[in-house]
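Hello,

Here is the structure you asked for. My notes follow below it.

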Amino acid sequence: MTEVAAAVAAAGVESRARIVAALIRVTGDWQLAEDCAQEALAAALERWPAGGVPDNPGGWLATVARNRALDALRRANVERRKLAEVAVLASGAEPAPASDDRLRLIFTCCHPALSPEARVALTLRTVAGVPTADLARAFLVTEATMTRRLTRAKTKIAQAGIPYRVPSGPALAERLPGVLAVLYLLFTRGYDADGEPAFATEAIRLSRLLTELMPDQPEARAQLALFLLQHSRRDARRDADGNLLTLDRQDRARWDHAAIAEARSLLPPAAGPYAVQAHIAACHAAGTTDWARIAALYDRLLSLVPSPVVRLNRAVAHGYAHGPAAGLALLAEARAAGGLENYPLTVAAEADLTARAGDRERAVTLYEQAAAAAPSEPERRALLARAEELA
Amino acid sequence: MKYLMFVCTDTEPETDESRIPDVERWVTENDAAGRRLAGNQLTPPSSATTVRVRGGELLLTDGPFAETKEVIVGFDILECADLDEAIEVARAHPMAWVGRLELRPFAGA
């Protein structure tokens, strides 16, 4: 990439969401806003090589995008009042404190009246600027299908009257978890063994933005801490052959210790679900793992989020804190509570607890069974390796 | 914006009756606030008549156009600033608790 292309890309990452968000607010036209931001970036690629990178690249892009929007609206003969609103949009100078525009954009993309798939796709496309073709590839649909999904979502926003607004008061407490859920989905989509790694980075970027825009929301901050902690292990979780390594086998020197330190500085008290999970992740990132504390944190998490997967993880944590028998007893309880029948990690957890309880033969059978049901090739290989070690 | 709110039954109602809001109060409040323009209960679907004209010929059928377990039992026309306000109005209606409501914006209103 040339120096100018890199400058354009950097300015795009920095300013695109701001520009799109402000243009949507005044024009109400999502497609127009995205097109104008895109055209501004194209214009930068064309003009910056000769004219040089401007002092305020973001302001330059905002001005060009605004002018394109004005042209388009004039061509469409839009009423004068709207034209005047667009004309006063941040004009080249330091972008106005339009940070709430980006927040409006995020909350609108994550509105619960949209389907969950649409929320994720729209957030990635509109806020993060991920190209539609990349989205289609990541979500295993054709580009035409993804385009339709995005168009349908934008049409619904316009026709159903979904407001371009950050909810306030009790509505905010009700809606924020939905926004965090979209970011979480995005992150796991990027962090899964066979995921799209760029999405994890994107989720962290968006989470950082949300934390910056809503500094008084501990759950937003906790989610960022959680992402940073999990992501800090990205380089250590595979061996030289690409096989997945469990935490206890990872080379801790390869963890991103700056990210871990940042996450620790963000940690709020372990009150909400993301905060409790972030505290658990922080325990795993410590020099020695305090399993008793992790087990206690899972007890709390289960009272906040009574889900099958939390019950399973709690059983594993208790197995390390209070012995494999305690873990197997809680695992039986988790199974009885239901919802784990088709969850591939259940058998893997049982295999681990059984091996530590001393029944190697049964553990091998269970590992092989877990490998057969593993959702990805790296996970399958990791489980088979455990079986071989024990055999 | 104007929304037509279909009031529909549901097979899985909220069972805690102490929490279910009062419909008279809902009507009074929303009429007073100018958010409810019209609305009424409907007689059961067994009293419905479905009307079609095909090839110029009038075809009448006894019953609703779709036979489903859930049936439309009423409607309200709401005037709200946006979907969020309409959702707030709908969630306070007793049938959101024991049935289901569908909010459909008017086209071009």
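**Notes on the model**

Residues 17-76 of chain A are 87% helix and 0% strand, and the end C-alpha atoms of this span lie 24 Å apart. Please keep in mind that this is a predicted model. UniProt lists the span 17-76 of chain A as "domain: RNA polymerase sigma-70 region", in an unreviewed entry.

The domain assignment divides chain A as follows:

- domain 1: residues 3-96
- domain 2: residues 98-211
- domain 3: residues 344-391

The C-alpha centres of domain 1 and domain 3 of chain A are 54 Å apart.

On packing: the largest nonpolar core holds 121 residues, and Leu23(A), Leu61(A), Ala65(A) and Leu229(A) have the most contacts inside it. Helix 1 of chain A (residues 3-27) gives the most to this core, namely 10 residues. In soluble globular proteins, nonpolar side chains tend to be buried together. Leaving aside residues up to four places away in sequence, Ala65(A) touches Ile19(A), Leu23(A), Cys36(A), Ala37(A) and Ala40(A).

Which residues make up the side of chain A that touches chain B, by type? Seven residues of chain A are in contact with five residues of chain B. On the chain A side, five are nonpolar, two are polar and none is charged.

Regards

Notes:
Residues are numbered from 1 along each chain as its sequence is written. Chains are lettered from A and ligands numbered from 1 in the order in which they are written. This is a predicted model: local features need pLDDT of at least 70, side-chain atom pairs count only at pLDDT 80 or more; totals for chains, interfaces and linings use all residues. A nonpolar core is a set of buried Ala, Val, Leu, Ile, Met, Phe, Trp, Tyr and Cys residues joined through C-beta atoms within 7 Å. A residue is buried if 20 or more other C-beta atoms lie within 10 Å of its own, exposed if 12 or fewer, and partly exposed in between; C-beta atoms are placed from the backbone. Helices (H or I, at least four residues) and strands (E, at least two) are DSSP runs, numbered from the N terminus. Two residues are in contact if their C-beta atoms, placed from the backbone, lie within 7 Å. Domain bounds come from an automatic or database domain assignment. Ala, Val, Leu, Ile, Met, Phe, Trp, Tyr, Cys and Pro count as nonpolar, Asp, Glu, Lys and Arg as charged, and the others, Gly among them, as polar. UniProt positions are given in the numbering used here, feature names are shortened, and annotations may be inferred rather than shown by experiment.
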